[in-house]
Amino acid sequence: MEEQKKCSVPVPPEKPQQKLAPGERVFAYILLVLGLCCVYLSWDLWNKVDTAKKMTSAAAVPMIVSVLWVVLTVFVILSERKMASGTSGTLLERIKTTVSYIFPVDFVVMFLATIAYCIALYLGLGFYIATPLYLYATICYLQKKDPVKNILWTAIIMAMIYLLFDVLFGVVVP
C-alpha cells in the first residue's frame, strides 16, 4: 500500500515528428546552389577590387551576404536532415503533390493573367485600356462576388494611378 502512494514522475508524451512541407527539402538545396553562385560572383567582384580597399569597398557587402546565405542554408539543410518528408508515394506522386502545393490554382491564374497583361502592353493595347481590364478581371477572380463593386474599385484605383503618376509626378505610362 505504501509503495502505491509514492509519487512517480510523469513521462511526457512523445512529440510527433515534424514533417516538412512538400518541396521544402528541394527548395533548401536550390537555395544552396543559388547561394554558391552568388558566392562565386561576389568572389569575382572581390578579386577585382584593389587589395588595400577590399574591406571598405562595395564588394564587401555582397561577399558577406552571400557567404552568410550559404552558411544559413547549410544550417537549414542540416536541421531538416532528420525530419520526415511531407510527401509519400512514387516519385511522380511526390512531384505532383509538391507542384500543387507550390503552385496553387489562384497563383497560376494570377500569374497567367499578369503575363497576358504584359503581352497586352507589349502589343500596344495601352496602359489606360489594359490596366482596367487586368484589374477588373483579377479583382473579380479573387473576390468572386459583387461585380458592380469591383468596377467601382477598379475605377478608384485607376483614378489614383492617374492622379499620382500622370498628374502629380508626370510619369509617362506605356
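Modeller: The two helices, α5 and α6, are roughly antiparallel to each other, because an angle over 145 degrees counts as such and theirs is about 170°. Their axes are 10 Å apart. This is a predicted model.

On the α5 side, the contact is made by Val-105, Asp-106, Val-109, Met-110, Ala-113, Thr-114, Tyr-117, Ala-120 and Leu-121. From α6 come Phe-127, Ala-130, Thr-131, Tyr-134, Thr-138, Tyr-141 and Leu-142. Sorted by kind, the residues of this contact are 12 nonpolar, three polar and one charged.

Now the rings. The structure as a whole holds six aromatic pairs. One of them is formed by Tyr-117 and Tyr-134, which are stacked, with 4.6 Å from centre to centre and 25° between the planes. Tyr-117 belongs to helix α5 (residues 105-122) and Tyr-134 to helix α6 (residues 127-143), so the pair links parts of the chain that are 17 residues apart. Both tyrosines, Tyr-117 and Tyr-134, are buried.

Phe-127, also part of the contact, pairs with Tyr-128 in an edge-to-face arrangement, at 5.2 Å centre to centre and 85° between the planes. Phe-127 counts as buried because its relative accessibility is 12%, and the limit for buried is under 20%. Tyr-128, at 35%, is partly exposed.

Tyr-141 of α6 is another residue of the contact. The charged end of Lys-144 sits over the ring of Tyr-141, 3.9 Å from the ring centre.

Finally, ring pairs also join Phe-103, Phe-107 and Phe-111 into a cluster.

Terms used: Residues are numbered from 1 along each chain as its sequence is written. This is a predicted model: local features need pLDDT of at least 70, side-chain atom pairs count only at pLDDT 80 or more; totals for chains, interfaces and linings use all residues. Side-chain values use heavy atoms; hydrogens and water are left out. Rings of Phe, Tyr and Trp (its six-membered ring) pair if their centres lie within 6.5 Å; planes under 30 degrees apart count as stacked, over 60 as edge-to-face and the rest as tilted. Helices (H or I, at least four residues) and strands (E, at least two) are DSSP runs, numbered from the N terminus. Buried means under 20% relative accessible area, exposed over 50%, partly exposed in between (1.4 Å probe, protein chains only). A charge sits over a ring if NZ of Lys or CZ of Arg is within 6 Å of the ring centre and within 35 degrees of the ring normal. Axes are lines fitted to C-alpha atoms, for helices over the stretch in contact, and angles run from 0 to 180 degrees between N-to-C directions. Angles under 35 degrees count as roughly parallel, over 145 as roughly antiparallel, 65 to 115 as roughly perpendicular and the rest as oblique. Contact means heavy atoms within 4.5 Å. Ala, Val, Leu, Ile, Met, Phe, Trp, Tyr, Cys and Pro count as nonpolar, Asp, Glu, Lys and Arg as charged, and the others, Gly among them, as polar.
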